[in-house]
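Thanks, everyone. I'll keep this brief and go feature by feature.

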Amino acid sequence: MQHYDLFINGQNVPPSQGRTFPTYNPYTGDAWAEIPDACEQDVALAVTAAQQAFDTTWRATPGIKRAQLMLRLAELIEQNADRISRIETTDNGKIVRETRPQMIWVGRQLRYYAGYADKLYGQQIPLDQPDTLDYLSLEPYGVVALITAWNSPLALLANKLAPAFAAGNCVVVKPSEHASASTLEFAQLVHAAGFPDGVFNVVTGGADTGRALVNHPDVSLISFTGSPGVGAEIASLAGRRLTPVKLELGGKSPNIIFDDADLKKAVVGALAGIFGATGQTCVAGSRLLVQRNVLEQVLTPLIERARGINMGNPLDTGTEMGTVANKPQFDRILATIEAATQAGAQLMTGGKRAQGSGLESGYFIEPTIFANVAPDSHLAQEEIFGPVLAVIPFDTEDEAIRIANGTRYGLAAGLWTRDLGRALRVSRAMQAGSVWVNTYRAIAAQVPFGGFKQSGIGRERGEAGLREYLTTRNVMIDFSEEVRDPFAIRT
């Protein structure tokens, strides 16, 4: 068993009440690490350390120095990419073919935002009255709570941490209790990079730990990635203190194939959109909308390739699809599949726990495809967060747009067409924060990411992501020699 401690004020700290919980390898089903269960006292200790670091050190650290530390941290995560990707894969079952590139992505995010750290320009504002200077400065919030999900712990953390550091904030991180190990390992790299004590802190635990962090009066901003239900609860708690929140929540993203598309390319994109990461990604293309006159041309190769997806040890580079990350999620996905089947959905392939050599002990679910799914059905409306695809036929462009926009979510959308006019029309009509044309699940550090409707509040990545971690201060200076009438109306 690997033993971990909390990371507070630059040190590994045991939980004050001595509580821990096991984390399980979803491939073997075995407990492999012991994670500290932080109580309210531990959370307060972390927030106090962050506040003291901000007040005494970090807020006065020049941007160029913050950038240098971020670049050093990028080097360290890149140097340790193999080791930490294997730890993350062991913890959440995502194939190492995905987790290792995600470690490189962490470095890319740090490098991108390091370039902003010494370029946080303010603005002089011309006023109507003479002999008055007015300017805006960009300011960090102070202590920021970063709460991440279990599907991609460090990649999701990088989306938040890199701009938070560049803006000059100190952070307290609360990873998911289902996948905390890679974040605790990352904390050691932050320390090795030379960041001042208290700038980066990690508290682990479940809902009580998260609630203590959200409710702490010294937390000035909360950034959360996870389910809409938990996001709504966090927003409600934060609203009582008027603490701003940034929420990256769920999706039920449409992936639309028109009859003029390159169908071979579109089928590959559809497969990657839902079965990549075992469907455990907020942008999963879980609704595949296919124009009716090419439905069979899409469905036949899609089913054939889905049946041939190689499942196995997530640490094996030949594995194409790993496990579901934890047993509660595994049980929820199977229950959803069963309910959809009982409701009359047309199951084309998959639909049960995967069988075969090496799969018996793991949380493997067969790549599952339902055809001719009703757009208003539970299967087409609710996020499953697993390898389950709902195929929905349509006839016209207008019908595709109506179906695509017909959920409470609005995170991402994809469309496949050779018609430039159609690409522009449909992209404009999508109620989604990200729209991909002839590709899917493509990312870039420079590009903002976030949702419409119940998929979230705010943006991550790109310059827009940096602005989320900055607020403004206005300074007005009267440099006239006039003694003004204190009762005169100032215009």
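One definition before we start: buried means under 20% relative accessible area, exposed means over 50%, and partly exposed is in between. Keep in mind that this is a predicted model.

Salt bridges come first. The count is 24. Take Glu75 and Arg72. Their side chains meet in a salt bridge, 3.0 Å from N to O. Both residues sit in helix α2, residues 63–79, and they are 3 residues apart, about one turn of the helix. On the general point, an α-helix has 3.6 residues a turn, so residues three or four places apart point the same way. How accessible is Glu75? Its relative accessible area is 34%, so Glu75 is partly exposed. Arg72 is at 33%, and therefore also counts as partly exposed.

Next, helix α7, residues 207–215. Here Asp208 forms a salt bridge with Arg211, with the closest N and O atoms 3.0 Å apart. Again, the two are 3 residues apart in the helix, about one turn. Asp208 has a relative accessible area of 61%, so it is exposed. Arg211, at 30%, counts as partly exposed. Salt bridges with shared partners also build a network: Asp259, Asp260, Glu397, Arg422 and Arg425 are joined into one.

Stay with α7 for a moment. Which of its residues are buried? Thr209, Gly210, Ala212, Leu213 and Val214. What covers them? The cover includes helices α1 (40–56) and α8 (228–240), along with strands β8 (143–147), β9 (170–174) and β11 (221–225).

One more salt bridge. Lys174 and Glu177 meet through their side chains at 3.6 Å, N to O. Lys174 is buried, with a relative accessible area of 5%. Glu177 is partly exposed, at 29%.

Now the aromatics. The whole structure has 14 aromatic pairs. In one of them, the ring centres of Tyr112 and Tyr116 are 5.5 Å apart and the planes stand at 75°, so the pair is edge-to-face. Tyr112 counts as buried, at 16% relative accessibility. Phe186 and Phe200 also make an edge-to-face pair, 5.9 Å centre to centre, with 75° between the planes. This pair links distant parts of the chain: Phe186 is in helix α6 (residues 181–193), Phe200 is in strand β10 (residues 200–202), and 14 residues separate them. Phe186 is buried, with a relative accessible area of 1%. Phe200 is buried too, at 2%. Both belong to one aromatic cluster, together with Phe7, Trp58, Phe165 and Phe195.

Cysteines next. How many disulfides does the search find? It finds 0. Cys39 counts as buried, at 7% relative accessibility. Cys170 is buried as well, at 0%.

Ser137 lies in strand β7, residues 132–140. Is Ser137 buried or exposed? At 16% relative accessibility, it counts as buried. The side chain of Ser137 makes a polar contact of 2.7 Å with the side chain of Glu139. Leaving aside neighbours within four places in sequence, Ser137 is in contact with Gly122, Thr471, Thr472 and Arg473.

Then Asn25. This residue is in the loop between β4 (20–24) and β5 (31–36). Asn25 counts as buried, at 13% relative accessibility. Beyond its neighbours within four places in sequence, Asn25 is in contact with Asp30, Trp32 and Thr90.

That's my tour. Thank you.

Notes: Residues are numbered from 1 along each chain as its sequence is written. This is a predicted model: local features need pLDDT of at least 70, side-chain atom pairs count only at pLDDT 80 or more; totals for chains, interfaces and linings use all residues. Side-chain values use heavy atoms; hydrogens and water are left out. Helices (H or I, at least four residues) and strands (E, at least two) are DSSP runs, numbered from the N terminus. Buried means under 20% relative accessible area, exposed over 50%, partly exposed in between (1.4 Å probe, protein chains only). A polar contact is a pair of N or O atoms within 3.5 Å; within protein, one must be able to donate a hydrogen and the other to accept it, and residues adjacent in sequence count only if both atoms are side-chain atoms. Contact means heavy atoms within 4.5 Å. Rings of Phe, Tyr and Trp (its six-membered ring) pair if their centres lie within 6.5 Å; planes under 30 degrees apart count as stacked, over 60 as edge-to-face and the rest as tilted. A disulfide is a pair of cysteine sulfur atoms within 2.5 Å. A salt bridge is a side-chain nitrogen of Lys or Arg within 4 Å of a carboxyl oxygen of Asp or Glu.
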